[in-house]
Amino acid sequence: MTVPRPRCYIVLGATGKRTMGMTKYDRLLYILNLLRSRRTLNAARLAEECGVTERSIYRDIISLSEANIPIYYDNGYKLASDNFLPAFNFNFEEYTCLKLALESSPLTETGKYAEVLKQVRAKVDSGLSDITREKKKTARSVARIDIDTTQAHSNPERIYGIIEDAVNNQTCVAMDYETIEHGMTHRVVEPYFIVFRGRAFYFVARCRLREDLRTFRVDRVRDVQTTGEYFARAKDVNAESYFDGSWRLYGGDSFDVEVLFSGKAARVVANGVHHPREEIETVNEHTVRYRVTVNGYEEILRWILGFGDEAEVLAPLEMRRELAEVARRLLGMYAST
């Protein structure tokens, strides 16, 4: 079982290379968790896990012993008793649910919280009751959640951390941001909150370049730094209500959309929930009528396009015309094949 490192900080070695370190207090707690979870850890392996020298590990073992924690060596360091560390009061079902939630959290993609989640998992595993620990040994893993993400970032911890701190402290950030429409832009923004929605992390901020609220994707931020300037957050902007009415992420004017779905598309639409405001009416055995009021229609337009000729837009008229133009371009593209 992998037991993660606890709270870490960045240090610079003699060569200037960045390495991960941790305070001695955190390292001692981490060693205790390791010893409770594994049975054959020697000084070399502990040093590798903690990112320190074996000499430091020997000193840590002495410190723990001087604190009356019973440690002995027998094919690896072991604890003579776990009684000084109280067990969590998790039954096996509660432990399984918590483990599943921790392992499947999209926060593992942030860099910043990946190690924190592992640390929580290590503490949970090391503090289980004997009954739950024994049942865990023989139980099969019957559930797994794979959250599909499209995060692609070379330095997510720094980017995410700066934006999160700016949200907490209500400070402005200056960032280089790559948009789909305009490429690289430089902006100063006032971040309100971060949200995982769809397949990636986004943050909502008031953009001073556009003088309005905008939704930014975290992994499209190429560089970011705090400006030190504070801003007053609008009280009516929050993660709970900001996306009301949008199809997924982006807002705009409100449209009443009506679509006829047929064939397989009709069955797909009829057997799922796609928007809180949708209405689905069965026309016949092979056709359903889909109605929804949505803010901005670009995202729902892409969704409809995915159904090909099994989706016919009836309203709004401008969407129907736009799809007709797309169809003409596709016909010209593939007419010679």
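Axes here are lines fitted to C-alpha atoms, for helices over the stretch in contact, and angles run from 0 to 180 degrees between N-to-C directions. With that in hand, welcome to a quick tour of a predicted model, in which local features need pLDDT of at least 70, side-chain atom pairs count only at pLDDT 80 or more, and totals for chains, interfaces and linings use all residues. Residues are numbered from 1 along each chain as its sequence is written, and side-chain values use heavy atoms, leaving out hydrogens and water. Helices (H or I, at least four residues) and strands (E, at least two) are DSSP runs numbered from the N terminus.

**Helix packing**

- Helix α1 (residues 24–37) packs against helix α3 (residues 54–66) at an angle of about 80°, and their axes are 11 Å apart.
- That makes α1 roughly perpendicular to α3, a label used for 65 to 115 degrees, while angles under 35 degrees count as roughly parallel, over 145 as roughly antiparallel and the rest as oblique.
- In this contact (heavy atoms within 4.5 Å), Lys24, Arg27, Leu28, Ile31 and Leu32 of α1 meet Ile57, Asp60, Ser63 and Leu64 of α3.
- The residues of the α1 contact with α3 divide into five nonpolar, one polar and three charged; Ala, Val, Leu, Ile, Met, Phe, Trp, Tyr, Cys and Pro count as nonpolar, Asp, Glu, Lys and Arg as charged, and the others, Gly among them, as polar.
- Helix α2 (residues 43–50) also packs with α3, at an angle of about 100° and with the axes 8 Å apart.
- That makes α2 roughly perpendicular to α3.
- From α2, Ala43, Ala44, Leu46, Ala47 and Cys50 meet Glu54, Ile57 and Tyr58 in α3, and by class this contact has seven nonpolar, no polar and one charged residues.

**The five-stranded sheet**

- Five strands make an open sheet in the order β8-β7-β6-β5-β9, with antiparallel pairing; two strands pair if DSSP finds at least two bridges between them.
- At the edges are β8 and β9 (221–230), each pairing on one side only.
- From one strand to the next, the twist averages 45°.
- Antiparallel β5 and β6 are joined by seven bridges, and the bridge partner of Tyr177 in β6 is Thr185.

- Another open sheet has four strands in the order β11-β12-β10-β13, with antiparallel pairing.
- β11 (279–284) and β13 (311–315) stand at its edges with a single partner strand each, so one side of each has no neighbour in the sheet.
- Neighbouring strands of this sheet are turned by 25° against each other on average, direction ignored.
- Nine bridges join the antiparallel strands β10 (residues 254–262) and β12 (residues 287–295), and Leu260 stands opposite Arg289 in β12.
- Helix α9 lies across β10, β12 and β13, running at about 5° to β10.
- Helix α10 (residues 317–334) lies across β10 and β13, running at about 145° to β13.

**The largest pocket**

- The largest pocket has a volume of about 1200 Å³; on a 1 Å grid over the protein atoms alone, a pocket is an open set of points where a 1.4 Å probe fits, with protein on both sides within 12 Å along at least five of seven lines.
- Grid points are joined across faces, edges and corners, and the volume is the space filled by probe spheres set on the points.
- Among the 36 residues lining the largest pocket (an atom within 4 Å of a point), Glu181, Thr215, Leu249, Tyr250 and Glu299 are the closest to its centre.
- At least two lining residues each come from β5 (171–179), β6 (183–197), β7 (200–207), β8 (212–217) and α9 (298–305), and β8 gives the largest share, five residues.
- The lining divides into 13 nonpolar, ten polar and 13 charged residues.
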